[in-house]
Amino acid sequence: MAITKADFDYISQLAHSEAAIVLEPGKEYLVETRLGPLAQREGFASLAAFIQQMRLEVRVNGIHHRAIDALTTNETLFFRDFHPFEALRRFILPEVLEQRGGARRLTIWSAACSTGQEPYSLAMLLLEHFPQLAGWTVSILATDLSPTVLQAAREGAYTQFEVNRGLPANYLVKYFTKEGEKWCVKDEVKKLIEFRPMNLIQSWPVLPPLDLVLIRNVMIYFDVETKKTILRKIRNCLLPHGYLFLGTAETTTNLDPAFQPVTHGKAVVYRALPPALSTFLGSS
Ligand SMILES: C[S@@+](CC[C@H](N)C(=O)[O-])C[C@H]1O[C@@H](n2cnc3c(N)ncnc32)[C@H](O)[C@@H]1O
């Protein structure tokens, strides 16, 4: 049975308040296809009964979080969009490493990392092309709201279909082992990454000063005010020489004038203006 307007409104308000996910009218099919199977797994006779149970709970708890988890879009792949990784290899990492040569420390944040392909791509790129990082403190912080995808990311065991998407054959051979049907990321790659749960719209933990922030294909689901807040918070953690990476359909334009686009090869990345200039431009 199709979802009622009242149930759809309830779910879209929940998704918005808990995860900033915007579900506009027309997305009823998405709610039905994502929450229907979950309702069944949870033992409810129908999606309506599942939503009714959510309404009955006094406060947001496990059942709501599992619903939000199921509503997230987790599409990702290794070396997604290719050009940002080329820009990292050819221009950005050499420049950042020069800046950080004194401290010998490199810190990268992969925000909304989904099932881990992005942070693993970063780690493999570092191992493959920047052997001078041996002896540095390198850390890739990888976060996501969804416990399900974080668990998969931590395991780092991918199907043939998943490794066929974006992963060069030489990387597969060098950085994975075949275990049964799965391709498993080797420990030398895993040890560069720390996976942690984090909801971008709730209060943030203290983050270390960051050289690079990749927050790709997640803000596309958020409203304008949420995007502005997140960009401002990122600016506060990004080192002066740092770079911000967004998804190809995303931009800082009209959201945060302190972030300026820079083109490297075929990739557009963003740098933050110094604070004095940002204030002048009206960003706080
Ligand atoms: C489409 S995936 C993007 C994955 C990866 N960044 C990429 O570009 O391939 C979006 C991810 O954002 C996560 N997400 C959605 N809302 C979030 C929020 N409020 N806080 C943190 N992560 C969120 C989802 O769980 C999902 O894994």
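How many aromatic pairs does a search of the whole structure find? I ran the search on this predicted model and it gave nine.

**Aromatic pair.** I picked out Phe 79 and Tyr 171, which pair edge-to-face. Their centres are 5.3 Å apart, with 85° between the planes. That angle is over 60 degrees, the cut-off for edge-to-face. I then looked up where the two residues sit. Phe 79 is in the loop between helix H4 (62-71) and helix H5 (83-99), and Tyr 171 is in helix H9 (residues 169-175), so the pair ties together parts 92 residues apart in sequence.

**Ligand site.** Next I checked where the ligand is placed; its space is the largest pocket. I listed 20 residues around the ligand, and Thr 76, Arg 80, Ala 112, Asp 144 and Asn 217 come nearest. Sorted by class, this shell has seven nonpolar, eight polar and five charged residues.

Asn 217 has a side-chain N or O atom 2.7 Å from an oxygen atom of the ligand. For Asn 199, a polar side-chain atom lies 3.0 Å from a ligand nitrogen atom. At Ala 19 the backbone takes part, with an N or O atom 3.0 Å from a nitrogen atom of the ligand. Last, I looked up the cover: on its own the ligand has 610 Å² of accessible area, and the protein covers 99% of that.

Methods:
Residues numbered from 1 in each chain as written. Predicted model: local features only at pLDDT ≥ 70, side-chain atom pairs only at ≥ 80, totals over all residues. Heavy atoms only, no water. Near = heavy atom within 4 Å. Polar contact = N/O pair within 3.5 Å; in protein donor to acceptor, adjacent residues only side chain to side chain. Areas by Shrake-Rupley, 256 points an atom, 1.4 Å probe, with all protein chains shown as cover. 1 Å grid on protein atoms, 1.4 Å probe; cavity = no way out; pocket = protein on both sides within 12 Å on 5 of 7 lines; lining within 4 Å. Sits in = over half its atoms within 2 Å of the grid points. Nonpolar A, V, L, I, M, F, W, Y, C, P; charged D, E, K, R; others polar. Phe/Tyr/Trp six-rings, centres within 6.5 Å; stacked < 30°, edge-to-face > 60°. Helix = DSSP H or I, 4+ residues; strand = E, 2+ residues; numbered from the N terminus.
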